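Subject: Structure for you to look at

Hello,

Here is the structure I said I would pass on. Please open it alongside this message.

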Amino acid sequence: MTNTHTLNQVERACTQLHQQGHTVTFTAVADLTGLGRSTLYRDPTIRAVIDQHRHRSTAAGTITGLTDEIATLHAAIDTLADKVRRHDEQLRRLKTPKN
């Protein structure tokens, strides 16, 4: 599960790289945040954020770039929806009276 602090760190690192004209890569983000690359790759939400920034810097304004951004956002939404469904199911189990 992605915590807000880590997600904000990654978001700031991507923005910083982009503003400084550097390529957004998993290695660069790992160097700036101090997080391991495997952590960045494994977490679907973090991976989606980095992929979004990577596509934004390489294909900004093109149809292909926009399509890639939409696909990345769609994947992040699906991941979030899965988490919400899982948490909803956990809450239902907690509320169900046991005989």
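This is a predicted model: local features need pLDDT of at least 70, side-chain atom pairs count only at pLDDT 80 or more; totals for chains, interfaces and linings use all residues.

Helix pair. Helix 1 (residues 4-19) and helix 2 (residues 26-33) have axes that come within 9 Å and cross at roughly 115°. The crossing is right-handed. On the helix 1 side, the residues that meet helix 2 are Gln 9, Val 10, Ala 13, Cys 14, Gln 16 and Leu 17. Their partners in helix 2 are Ala 28, Val 29, Leu 32 and Thr 33. Sorted by class, this contact has seven nonpolar and three polar residues, and no charged ones.

Glutamine. Gln 52 sits in helix 4 (residues 44-58). Its relative accessible area is 15%, so Gln 52 counts as buried, the cut-off being under 20%. Beyond its neighbours within four places in sequence, Gln 52 touches Glu 69, Thr 72 and Leu 73.

- Arg 85 is exposed at 52% relative accessible area, while Asp 82 is partly exposed at 37%.
- Asp 88 and Arg 92: the closest N and O atoms are 2.9 Å apart. The two are four residues apart in helix 5, about one turn. Asp 88 is partly exposed, at 32%.
- Arg 93 and Glu 89: the closest N and O atoms are 3.7 Å apart. Arg 93 is exposed at 51%, and Glu 89 is partly exposed at 36%.

Regards

Note on methods. Residues are numbered from 1 along each chain as its sequence is written. Side-chain values use heavy atoms; hydrogens and water are left out. Axes are lines fitted to C-alpha atoms, for helices over the stretch in contact, and angles run from 0 to 180 degrees between N-to-C directions. A crossing is left-handed if the near helix is turned anticlockwise from the far one by less than a right angle, and right-handed if clockwise. Contact means heavy atoms within 4.5 Å. Ala, Val, Leu, Ile, Met, Phe, Trp, Tyr, Cys and Pro count as nonpolar, Asp, Glu, Lys and Arg as charged, and the others, Gly among them, as polar. Buried means under 20% relative accessible area, exposed over 50%, partly exposed in between (1.4 Å probe, protein chains only). A salt bridge is a side-chain nitrogen of Lys or Arg within 4 Å of a carboxyl oxygen of Asp or Glu.
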